[in-house]
Amino acid sequence: MSKFLIRIDKKTLRRNPHAGATRRFIPGPIITYEDGSQESERIEVSGPAPNWLYEFEDTEVECGECHKRFSFRRLLDDEDCEGNRFEVCPECGEEDCCDIIFETPAEAFKRKD
Ligand SMILES: [Zn+2]
């Protein structure tokens, strides 16, 4: 099965100002009041915040079964009964259609390009 490395888009890689916080708020849906004023609801998230914030490059992967190419974002996730995750092809429905590896921030920093 082909392996694809999904690289971090370094332009988006930045230190999380809330790194390590265990209780934080993120902006939620906008609420509009009867008088027309608006406020963004704040949603509480628990669990340690990651040290880095980033997005992945939009990378093409290829299905090992039907050989169609598409963005990794179109892959469907599924899980077997033991909780192992695998990637399902959005074109032919093949389970475990390719192997994708996500780059870590440490790897992105080492990379020269
Ligand atoms: Zn396929």
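## The surroundings of Cys 97

Beyond residues up to four places away in sequence, Cys 97 touches Cys 63, Gly 64, Glu 65, Glu 87, Val 88 and Cys 89; two residues are in contact if their C-beta atoms, placed from the backbone, lie within 7 Å. Cys 97 also belongs to the largest nonpolar core, whose five residues are Val 61, Cys 63, Cys 89, Cys 97 and Cys 98. A nonpolar core is a set of buried Ala, Val, Leu, Ile, Met, Phe, Trp, Tyr and Cys residues joined through C-beta atoms within 7 Å. A residue is buried if 20 or more other C-beta atoms lie within 10 Å of its own, exposed if 12 or fewer, and partly exposed in between, with the C-beta atoms placed from the backbone.

## Basis of the description

This is a predicted model, in which local features need pLDDT of at least 70 and side-chain atom pairs count only at pLDDT 80 or more, while totals for chains, interfaces and linings use all residues. Residues are numbered from 1 along each chain as its sequence is written.

## The chain as a whole

The protein chain has one helix and 10 strands, in the order β-β-β-β-β-β-β-β-β-β-α along the sequence. The radius of gyration, taken over C-alpha atoms, is 19 Å, well over the 13 Å that the globule rule gives for 113 residues, so the protein chain is more spread out than a compact globule. That rule is 2.2 Å times the number of residues to the power 0.38. Helices (H or I, at least four residues) and strands (E, at least two) are DSSP runs, numbered from the N terminus.

Along its principal axes, the C-alpha trace of the protein chain spans about 55 × 40 × 30 Å. Of the 113 residues, 6% count as buried. Among contacts with a separation of 6 or more, 60% involve residues 24 or more positions apart.

## Strands E3 and E4

E3 and E4 pair in the antiparallel sense over eight bridges; strands pair if DSSP finds at least two bridges between them. Arg 23 has Ser 46 in E4 as its bridge partner. The hairpin of E3 and E4 has five residues between the strands, and Gly 36 there takes a positive phi near 95°.

## The loop at Pro 50

Pro 50 lies in the loop between strand E4 (38-46) and strand E5 (52-56). Pro 50 counts as exposed because it has 12 C-beta neighbours inside 10 Å. Asn 16 is 34 residues from Pro 50 in sequence, with 6.8 Å between their C-alpha atoms.
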